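Hello,

Here is the structure I promised to pass on. Please open it beside this email and follow along.

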Amino acid sequence: MNKLTTPISDEEIRSLSVGDSVLLNGVIVTGRDAAHKFMVEHIINAPCPEEELVFCADLEQLLDGGIIYHCGPVVKQNEDGSYSFVAAGPTTSIREEVYQPTVISHFNLKGVIGKGGMGQNTLKACENQPAVYFHAIGGAATLIAQSVKEVVKVYKLEFGVPEAMWVIRVEDFPVVVTMDSHSNSLHDQVFEASKEKLSSLIK
Amino acid sequence: MTNLNQIDLTDQFIELVRQAATNLPRDMENALSKAKENEDHGSAADGALGTILLNVNMAREHSTPICQDTGTPIFEVYYPLGVSTRALADQIRQAVSVSTENSYLRPNAVDSLTGKNSGNNVGEDFPTIHFHEWDENQIHVDLLLKGGGCENVSTQYKLPDGNLGAGRDLEGVRRVVLDAVHQAQGRGCGPAVLGVAIGGDRGSSYLKSKQQLFRELEDENENEELAALENQIYEEANELGIGPMGFGGKTTVLGVKIGAQHRLPASYFVSVAYMCWANRRAHMDVSIENGALEVNYE
């Protein structure tokens, strides 16, 4: 099985194809609805707000060659103030479709982890950057939390625990490539095949 | 303690929530195991089901949530005459708050106007609680944790539907339910259990469709026509080949449960409650036996 560690190179991304199983390693960042809206409205389409300069600079560095994980985890705060991930499966990615292409190109993301797949604009961005869409197993929250070895930092906790941007170090996080950098989408293939079958069932 | 209306069930509700969030019902687990055997060895579907089953075991062992989206907690409470539903509702709200502190639940109640998360799963009409008075001298509680991803692909049809050739009959119901499964693709975290309601108004129809999800997979519909339709849709939905997580494969749904209710002459609604593979239901029976509290979660 392929193993990849962040930061990931363009060559590594181009070598991946739809259907490949991959174990991800290294530091990644969670981000879902509020985070994507914030990144596009306050970092990409406008100058970073004065009070957010450290956050913006950190994010640029963390995401260059990096990965965003669409995830709203259950997190426990330990007695010493540090955090542990308790449950951390993927959330539905398609809600970020309006933001994702911009976020991929601005930060030079190499991958997005989520579930359910994304649309044509993200597929195009994956081809251009290059980047890929990694599908995690929806609902496998305890198992994925076990692969999170360290919560390095948290940003935007004011968005609430699920929406905050958690910087985590993962080991052998299991995913499947369902959109590659060669404009292939497993989601499109399954949609078309099942559409044909549906037509025959309700003709 | 001799009376059901004098007891505080907060601790029992906390245990009920823990069970639902961390312990997948056996019928679901068995169905997932069978599905894995049926998929092609080494396929993405096989791998997805393997990961799911591993996760189910780990969650049970560690007493941590099966899925991080612990969803909307939906409580159906059956109670005898004389028990205060207001007191029970307070205990349930207290229990979900403590369960959130214990990390059995993710803070999931967001103020729709301000966007602020209440932090403890308590909010306006949150969690969902329905009370039903009954003749038994015990309290029975069903709990379902309904995740947001699969809720977003749940849907409602108004028949007739010209595009799908769906008229106001069971053939029409079959057509729209198959369309709903196709529309959902992998976004609802299949393999799914489908709760289907025929009739009612828009609100009661959605409610009825969700209530079907409390039925166990082996449960056979008492109505022969609906039982036959459940089996037919089950077979045909799996022919669609969408597979676990939408990766393609033989397992798209694990069960179909259909209920019907009266409707207005003008309306014919069909609601489809799509439930992810993490069909987290739990229940408890509470009674007083010889003056002592008896609680059963089996």
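First, a term you will need: the domain bounds used here come from an automatic or database domain assignment. Also keep in mind that this is a predicted model.

**Domains of chain B**

Chain B is split into two parts. Domain 1 covers 4-23 + 66-147 + 280-296, and domain 2 covers 149-275. Taken over C-alpha atoms, the centres of domain 1 and domain 2 of chain B are 27 Å apart. Where they touch, domain 1 of chain B gives eight residues and domain 2 of chain B gives six. On the domain 1 side, strand 1 and strand 3 of chain B each supply at least two residues. What classes of residue make up the side of domain 1 of chain B that touches domain 2 of chain B? Five are charged, two are nonpolar and one is polar.

**The sheet**

Next, look for the open sheet of five strands in chain B. Its order is 2-1-3-8-9, and the pairing is mixed. Which strands sit at the edges? They are strand 2 (128-134) and strand 9 (292-296) of chain B, and each of them pairs on one side only. Neighbouring strands of this sheet are turned by 15° against each other on average, direction ignored.

Now zoom in on one pair. Strand 8 (residues 280-289) of chain B runs antiparallel to strand 9 of chain B, and five bridges join them. Find Glu289(B): it stands opposite Ala292(B), which belongs to strand 9 of chain B.

Helix 1 (residues 10-22) of chain B lies across strand 1 (72-80), strand 3 (139-146), strand 8 and strand 9 of chain B. Helix 1 of chain B runs at about 150° to strand 8 of chain B.

**Where chain B meets chain A**

Last, turn to the two chains. How many residues of chain B are in contact with chain A? There are 44, and they meet 41 residues of chain A. Four helices of chain B each supply at least two residues to this side: helix 3 (44-62), helix 5 (148-153), helix 6 (170-184) and helix 8 (224-239). Helix 3 of chain B brings the largest share, ten residues. By class, the side of chain B that touches chain A has 20 nonpolar, 17 polar and seven charged residues.

Best wishes

Methods
Residues numbered from 1 in each chain as written. Chains lettered and ligands numbered in written order. Predicted model: local features only at pLDDT ≥ 70, side-chain atom pairs only at ≥ 80, totals over all residues. Pairing = 2+ DSSP bridges. Axes fitted to C-alpha atoms, helices over the stretch in contact; angles between N-to-C directions. Contact = placed C-beta atoms within 7 Å. Nonpolar A, V, L, I, M, F, W, Y, C, P; charged D, E, K, R; others polar.
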